[in-house]
Amino acid sequence: LTFSATPVTDPGTVTVSGTQNASGITLNQSGLLFTGGTINSTGQFLMNAAATATINSALILGGSLNFNSSGDQTLTLGGGETGTQTVIGGNASKALNSTLELNGSGSTNYQFSAYNIGDAAAGTGGGILNTGATISFSTGTTLGIGNASTGLLTLNGGVIGNDTNTAIAAGRTSGTGRLIVNTGTINLGSSRDLYIDFSDNGSGSGRVDINDAPAAD
């Protein structure tokens, strides 16, 4: 399923009725707004030539969510996502310029397991978890922020780990990861940990910034 326009910057609204299935989704058009229903993609979701998009439909992803432009790209989600997949940039430079903003109302849930986007050193881009949105997982999953790559996740009022299974690794397997906690809640599962630089070969790096009220339980 591919969305394109000439010029690329022409916005548009896509109304989803019921559950719509696709083998993959590619956005070559900026400013698209998806509303209603559920989008079920068995393959990857690709932000290709699109600079921005907003998806308030529910997402079921069977493949990774990829940012694939060397320019700044921002994807805003508001309808939740299931699938426990990885968020990645097409290469290192594309990853640094990518932003995934997660919104919600009440307990909107997302299940991405690794964020390999954002400039960890500068503290810009990456995943942004806002009030009303939750990241939670199935048994045995660790949230990898910079898993063999560069990753950044900023907590702006949302919740990480609304379950008993959650562990978090900032910097993992030679990756560079950073977690910034402005406001919000982190619930680590029973006998689960927050790892800072969880690397098996010593070449990775991790960092956690806590900038406001206590956020870790």
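**Exercise 1.** Classify Thr173 in this predicted model: buried, partly exposed or exposed?

*Solution.* 
- Take the relative accessible area of Thr173, which is 34%.
- Apply the cut-offs: buried is under 20%, exposed is over 50%.
- Thr173 is therefore partly exposed.
- Now place the residue. Thr173 sits in the loop between strand E21 (167-172) and E22.
- Check the backbone. Phi of Thr173 is positive, about 50°, although the residue is not a glycine.

**Exercise 2.** Find the salt bridges and trace how they connect.

*Solution.* 
- Count them: the structure has two.
- Start with Asp209 and Arg178. Their closest N and O atoms are 2.5 Å apart.
- Asp209 lies in strand E24 (residues 205-210) and Arg178 in strand E22 (residues 176-186), so this pair ties together parts 31 residues apart in sequence.
- Both partners are buried.
- Go on to Arg207 and Asp209. Here the closest N and O atoms are 2.8 Å apart.
- Arg207 is partly exposed at 42%, whereas Asp209 is buried at 12%.
- Shared partners join Arg178, Arg207 and Asp209 into one network.

**Exercise 3.** Is the peptide bond from Thr6 to Pro7 cis or trans?

*Solution.* 
- Read omega: it is near 0°.
- The bond is cis.
- Locate Pro7: it falls in the loop between strand E1 (2-3) and strand E2 (12-15).

Notes:
Residues numbered from 1 in each chain as written. Predicted model: local features only at pLDDT ≥ 70, side-chain atom pairs only at ≥ 80, totals over all residues. Heavy atoms only, no water. Salt bridge = Lys/Arg side-chain N within 4 Å of Asp/Glu carboxyl O. Helix = DSSP H or I, 4+ residues; strand = E, 2+ residues; numbered from the N terminus. Buried < 20%, exposed > 50% of the residue type's maximum accessible area, 1.4 Å probe, protein only.
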